[in-house]
Amino acid sequence: MTETTPPPSRWIKRLPILAIAVAAVVGAFTLRDQISFDTLAQNREALIAFRDGNFLLASLVFIGAYVAIVSFSLPGATIATLTGGFLFGLFPGVLYNVLGATLGAVAVFLAARAGFGADMAAKLEQKGGAAARLQQGLRENEWSVLLMMRLVPAVPFFLANLIPAFVGTSLFRFAVTTFFGIMPGAFVFTSVGAGLGEVFARGATPDLSIIFAPHVLGPILGLAALSALPILVKRFRKGA
């Protein structure tokens, strides 16, 4: 067996992340019109009836569906967040949304780390140079960098799940920073979802641009700046 051909056991480890990639591509074409605000509006009465008759089961089904959407990078995460607020209110809706998104992100992280992450992290260390320095810098500031990636989603959510796996990030730190880092944004969208009853009554659509309103975006950026403070302190001390 040549060095360029991975052993069968390695291919088995790569199956989960490959399955996620395939599901993401298929879902992008088959589900983008199925998981939408119109679908939620059309099925709102049936969803409310199911929730009222089976609250615990509805909660578990919703969280499981959210985990599946994030795990397989399916379209509709924003609609799912709105649905969480619509069905369960601001609380426990925001908790369900954050929990589902975090569990889904952890699933992607573990699949990527098992399939490619460990090998890639080792190769970066052996190769040295700028890539290795970047890897070391991320490891030295894991809490701050991971939290900033979640608070200010300049990096798409899916990539923010993969990159930490490829550089050897701690699972515990990844999970904790994901849970708390996505909470501000989830709070905003869940609150919008909690008010969908009035939106449906008017026959309108929700205004998701509220996330960019100064009174909403300002505090989130402030939290991001605060999370970057430890990095600045370290650099200042090294330069002193």
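Let's start with Arg-51. Arg-51 touches Ala-58, Phe-86, Leu-87 and Phe-88, leaving out residues up to four places away in sequence. Contact here means heavy atoms within 4.5 Å. The place of Arg-51 is in helix 3, residues 44-53. Helices (H or I, at least four residues) and strands (E, at least two) are DSSP runs, numbered from the N terminus. Is Arg-51 buried or exposed? Arg-51 has a relative accessible area of 18%, so Arg-51 is buried. The cut-offs: buried is under 20% relative accessible area, exposed is over 50%, and partly exposed is in between, with a 1.4 Å probe and protein chains only.

A word on the source. This is a predicted model, where local features need pLDDT of at least 70, side-chain atom pairs count only at pLDDT 80 or more, and totals for chains, interfaces and linings use all residues. Residues are numbered from 1 along each chain as its sequence is written, and side-chain values use heavy atoms, with hydrogens and water left out.

Now the whole chain. How many helices and strands does the chain have? There are 13 helices and zero strands. Of the 240 residues, 38% count as buried. Take the contacts with a separation of 6 or more: residues 24 or more positions apart account for 78% of them.

Next, the rings. The structure holds nine aromatic pairs. Rings of Phe, Tyr and Trp (its six-membered ring) pair if their centres lie within 6.5 Å; planes under 30 degrees apart count as stacked, over 60 as edge-to-face and the rest as tilted. Take Phe-37 and Phe-200. Their ring centres are 5.3 Å apart and their planes are at 25°, so this pair is stacked. The pair links distant parts of the chain. Phe-37 is in helix 2, residues 37-42, and Phe-200 is in helix 12, residues 196-202. That is 163 residues apart. Phe-37 counts as buried, at 12% relative accessibility. Phe-200 counts as buried too, at 11%. Phe-200 also has a charge over its ring: the charged end of Arg-44 sits there, 5.0 Å from the ring centre. For that term, NZ of Lys or CZ of Arg must be within 6 Å of the ring centre and within 35 degrees of the ring normal.

Another pair is Phe-109 with Phe-174. The centres are 4.4 Å apart and the planes at 20°, so these rings are stacked. Phe-109 lies in helix 6, residues 90-127, and Phe-174 in helix 10, residues 171-181, so the pair ties together parts 65 residues apart in sequence. Phe-109 is buried, at 0% relative accessible area. Phe-174 is buried, at 1%. Elsewhere, ring pairs link Phe-55, Phe-62, Tyr-66, Phe-88 and Tyr-96 into a cluster.

On to helix packing. Which way do helix 8 and helix 9 run relative to each other? Helix 8 covers residues 142-151 and helix 9 covers residues 157-166; their axes come within 10 Å and cross at roughly 165°. Axes are lines fitted to C-alpha atoms, for helices over the stretch in contact, and angles run from 0 to 180 degrees between N-to-C directions. The two helices are therefore roughly antiparallel. In these terms, under 35 degrees is roughly parallel, over 145 roughly antiparallel, 65 to 115 roughly perpendicular and the rest oblique. Helix 8 passes helix 9 in a left-handed crossing. Left-handed means the near helix is turned anticlockwise from the far one by less than a right angle, and right-handed means clockwise. Helix 8 brings Leu-146, Met-149 and Arg-150 to this contact, and helix 9 brings Phe-157, Ala-160, Asn-161 and Pro-164. The charged end of Arg-150 sits over the ring of Phe-157, 4.5 Å from its centre.

Helix 8 also meets helix 10. Here the axes come within 9 Å and cross at roughly 35°. This crossing is right-handed. Residues in the contact include Trp-143 and Leu-147 of helix 8 and Phe-174 and Gly-181 of helix 10. Gly-181 counts as buried, at 2% relative accessibility. Beyond its neighbours within four places in sequence, Gly-181 is in contact with Leu-147, Arg-150 and Leu-151.

Last stop: Ala-224, in helix 13, residues 214-239. Ala-224 is buried, with a relative accessible area of 9%. Setting aside neighbours within four places in sequence, Ala-224 is in contact with Met-148, Leu-151 and Val-152.
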